[in-house]
Amino acid sequence: MASAADVRSILSLPAVSSSAAGPSQPKKQAASSTRKPEGISRELYSLIGPSAPTIAAQLAKPRLKQKPNFGGGGKVKWEWRSFKNAARSDSLELGHWVKATDSPNTDYKFAKYNVQPTTYEWSQDEYSRYLEDSQWTKEETEYFFKLAHNYDLRWYIIHDRYEYPNGPKRELEDLKDRYYSVCRKLVRNRTWAGDEASKGQLMNSFQYDKEKETLRRKYVSSLANRTPEQIQEEEALYIEIKRLEQNERQFKRDRENLLRTIAGIDSGLPDVVEDDATLIIADPKKKKLKGIDIDIPQTPVLTAPVMKRPPTLNKNAVYDATHCIIRNDPPPTTPATKVAHTPAYLRSFKIPYPKAATAAKVNALLTEVGVSNSRLVMPTVTNCQLLESVIDAATNLVELKKVLDKVNLDIEILKNRLDLREDGGDGASVGDAMDIEDRGETAEPEGENERSQSVMSARSTRSRKHTRRSMSISSVDTTAATSTRPGTKRQKRM
Amino acid sequence: MVNYGGDEVSALVVDIGSSSLRAGYAGDDTPKAIIPSSYGYFPPSASSVDGDVTMNEAGSSQSVGKAKSFFGHSGPSIWRANMEIGNPIADGLVADFGPIPALIRHALEDVMRCSASEHPVLVTEPSWNTPANRERMAEIMFEEFQVPAFYIANTSVLNTFAAGKGSALVIDIGQSTASVIPVVDGFVLRKGLQYSSLPKLVHAHARHLLTAPNPVRPPAELYPYQLISNKQAVEPNAPPRYTLREDRLAGVTQSWREWYEAREVEEWVQSVAGVLDQGWNDQVVQHRQHKQYEFPTGYNAWFGPERFGVGEMYFHHSPQLVAGNPNIPKHIPGLITDSLRACDQELCQVLISNVVLTGGGSLFTGLADRLGSELARHFPHFKIHAPGNPIERRYGGWLGGSILASLGTFHQLWISREEWQEHGKAIVGQRCK
C-alpha cells in the first residue's frame, strides 16, 4: 500500500506537515494544548473547550476539603522498637512496630489508662478509735479492703471471691455497708486537704443505705421468683386494666364529641383520671403508644376557641337585609366566656312559652281565640315576635282577671256586710257598687280591638251576650279542660 | 491501630483443649497451628522393639522422657505398630504435664516456626483450673520455653471477650466437658461455675446406638481406614464386605483402638446426629429427613429418629437413665439453672440476656435452636450469641486470647521473666485473677 506521502507525491501535492492534513480538514487548533485554567474540573473543561467563559476563570478555586494524604505521599518506614510500659513496675521491654518518624522518647500511650482507685488504709489507733465494729475484726476488714482494691470495687466479684477463713458469711450488702461506712468515717475524721464542697461530694459518694438495699434485693428476688401462674395472672390483670382504660377513653371521647355537636361547647367536665404512673412502670413497652392516646382527647379541651363572639359588624347590614339574615346580638353585659356563647339553633326552639304558673289559663285563653302556640307553622322572626306579644297580652289579661276577681269578691263581702248592718232596704249603695263596676268595665276595653272587647266581655260576671267565639270566663276557670278546642282551626294570622 | 486500643507486641496465644491445641499470633483471627491434643507414643519398653519409625515423618516425633512421641496431624492418626495414644487433658484440665512441653513445642516450632523465647505467651486455662496447674504451666513456659512474659487467662472470660462482651453467661461445649460459667466484668463468678462431662455421655450414647445389636440393622464395626485393605459397595443396612489389613491388626494397641473408635463415633455424631429444636416429639421426629452414613468398612445405613435421640441427651435425661446412674452428668438446662441460682438475682437478668454459646460441641446440629427454646421456657427475655462462623465457635477461647493479648492496655498485666524470678509462683495467682 502506498502511504499518504506516496499519494501526495503522485498527485504532486506539496508535502505538508501533520498540522495540515488536507484542505477540507480544519486546522488543528493550536489552542488545544493550552492549559486548562484553574478552578474548572477536567471534565467540564473538555466539554466547554478553551472558549471557557471568563467567569469560570474568575471563579475562585473551590474550597473543598483537603483530600487526606494517606501515607504522606510516600513510603512510611516502620521499625520494630522495644518499649517500656510506665504502668509496669518491672523492667519488661516488649516490642512493637512504630513509625520510624515517631519520637522514641515518648511515654507508652496506654500507660495512662492504668488508673488505680484510692485505697483507704488506717493505723491501729484510727481503727480502734473510729472503725470498731462488733461484726468485723480488724484482720477481716483489712482482708476485705485488700480484696476490694484488687478487684477495683467490682462488688459482685468481691462478693464471689470473698473467702475469709473462719469468718461469717457476708452478704453483698454487708460488704458494701462495711466498705462505705469505713470510708465515711475515715474521710470525716481525717484532716481534709481540699475544700468543703469536694469533701461533701466524696462523702455523698460513700452514702449507702443498707436497709433500703436489702429491701430492694428482696423485691427483686420476689419478682424473679414468681411462678408462671402468678405471671400469667399479672398479665391477665394488666390486659384487663388496659381494656378498661381504653373503654373509658372511648366513652370520654364520645361524650366530648356529643357535647360539641349538640351544645357546641366543650363539656368542661374533668378529664377521666388515669393512673398512668403505675402502668408505665408495669410495662414500659406500651408507654409510647399510650402517650399518644392520652394526648388526643386533651388537646381540644384546652385549645378549642369556640367561645368567640360572632362578629356583629354593621357594615354588612345591607348584605344581611338582602339575604334575610338576622343577627342576634348577645347581651353586651355577659362576658365572653363559654356561657355567653350561643350556638346555632332552630328558631322554633326559642318560641316563647307562658309562665308556668299561669300556663294552663293562658293556653286555654289562646286556644279559645284560636292561637295555638305549639303549632307555629311558619316561625319567622315576625311571627315569633307577634306570638310573643300575643302571649304577653294573654298573660296580662289573665293576671288582670285574677285581680278583678279578687276585687269583686271583696266588694261582695263588703256589700253583704252593709246589707246586714242596714237590715235590707237601701239599694243605693248597691247601685254605687254597680256603678263602680260598670265604670271599671267600660273604661277598660277602650283602645282594644273587637276581639279583645269580646274577651273582656266574656270575663265579666254579668250575664252579657256572648260573642260567637268566646266562652264565659267562669267556664275558663272551671271547665278549662273540657272546653279546650281541638286544634282543628288553623291560625290564619300568624 | 490506636483506634481500637490495640498494640500488637507479637504475642503468642496458646489454647489447649481436650481435642486440639490451638496456637497463633495475637491479633490474628484464626490460630495458625491447630493440632490434636492426642499424641502417639511408644512406651519406653516398646520403642526399642520397633525400629522402623523414621524421623522424617513430618518432624512430628519428639521424645518425652525416654519414649518416642508423635504429635500433630501425622501423630496419632498414622498407624504405627504398638503405638499407644495419650491425651494430657482430662476433664478440661491438664492432667499430665509430661507431654505438654513437647506438644506446645510442636505447635510453636514445627508448625508455626517461631521461637517462644522471643514472644510473650498467653496461655488459656479452664475456669476450674487449680492454682497448682497454672503455676506449673507458668513454670513450663518460663523455664523450658524461656518466654519473656507470660499470662494465663480464663477460657470463659476469653470467650466473653471474643463475643465482644464484658459480662456473659458462657455455655461452652467441648469434646469432653460442657460448662456454664457466669462472667461479670471480665471475671468469672466462681460460685456460679458449673460443668459436667456431658459430651462424654452423648458420645457414649451414640456409640451404644451404633454398636449395640439392633433389630433393623446389624451393629456397625468401628474400624478406621488405616486398618482396611479393601471394601465393596453394599446396599444400605446390608452387612459390609471388606477385608482388614491383618498385618496391622497385630500391632494395634488398646489405646489406639479406643482413639480411632472414638473418632469414628465422633464423625458419625458430627455428620448425622442432631437435636429437635422444640423438644422431643414422636410425630415431628417421624417427619424429619433420614440421613445416610457410610462407615469406613463400607457399611452404610439410613438413620432416622434415632439420630435425634443422641442430641436429646444434651437437654433431657430419661428418668430410668437417671435412676440407673446416680452420677449422671448434668444436662445443659440443669447446668444453667444451677449456675444462675448461685448468682445474684440482679445479675441473672444481665447474664441471661448475654448468653454466649461456644465450643466445638456447640456446632452439634440444632443445638443453638434447641437451647433457645429451652431458655424461652424459663426466661421471658434472653439473647443467645452464637456465631454462625464455625471458626469463631470452635476457637472462641483462642480468639478472645488473641484480642486480649493485642490490647495496648493489657501489656501491663504480663508476668515478666523478671517478676517470675523475683516472686516465684505466687505472682501467677496475684496477677491472673
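Predicted model: local features only at pLDDT ≥ 70, side-chain atom pairs only at ≥ 80, totals over all residues.
I started at a salt bridge across the two chains: Glu419(B) pairs with Arg88(A), and their closest N and O atoms sit 2.9 Å apart.

Then I checked which elements of chain A touch chain B. Those giving two or more residues are strands S1 (78-84) and S2 (93-99), plus helices H6 (155-161) and H9 (210-224). I sorted the residues on that side of chain A as well: 14 are nonpolar, 10 polar and eight charged.

Chain A puts 32 residues into the contact and chain B puts in 33. About 2800 Å² is buried between the chains, with carbon and sulfur atoms giving 54% of that.

Last, I moved inside chain B to a helix pair. How do the axes of H4(B) and H15(B) cross? H4 (residues 155-162) and H15 (residues 396-404) come within 7 Å, crossing at roughly 75°. Angles of 65 to 115 degrees count as roughly perpendicular, so I logged H4(B) and H15(B) as roughly perpendicular to each other.

I wrote down who makes that contact. From H4(B) it is Thr155(B), Leu158(B), Asn159(B), Phe161(B) and Ala162(B). H15(B) brings Gly396(B), Gly397(B), Leu399(B), Gly400(B), Gly401(B), Ile403(B) and Leu404(B). My tally for this helix contact came to six nonpolar, six polar and no charged residues.

Conventions
Residues numbered from 1 in each chain as written. Chains lettered and ligands numbered in written order. Heavy atoms only, no water. Axes fitted to C-alpha atoms, helices over the stretch in contact; angles between N-to-C directions. Helix = DSSP H or I, 4+ residues; strand = E, 2+ residues; numbered from the N terminus. Parallel < 35°, antiparallel > 145°, perpendicular 65-115°, else oblique. Contact = heavy atoms within 4.5 Å. Nonpolar A, V, L, I, M, F, W, Y, C, P; charged D, E, K, R; others polar. Buried area = accessible area lost by both parts, 1.4 Å probe. Salt bridge = Lys/Arg side-chain N within 4 Å of Asp/Glu carboxyl O.
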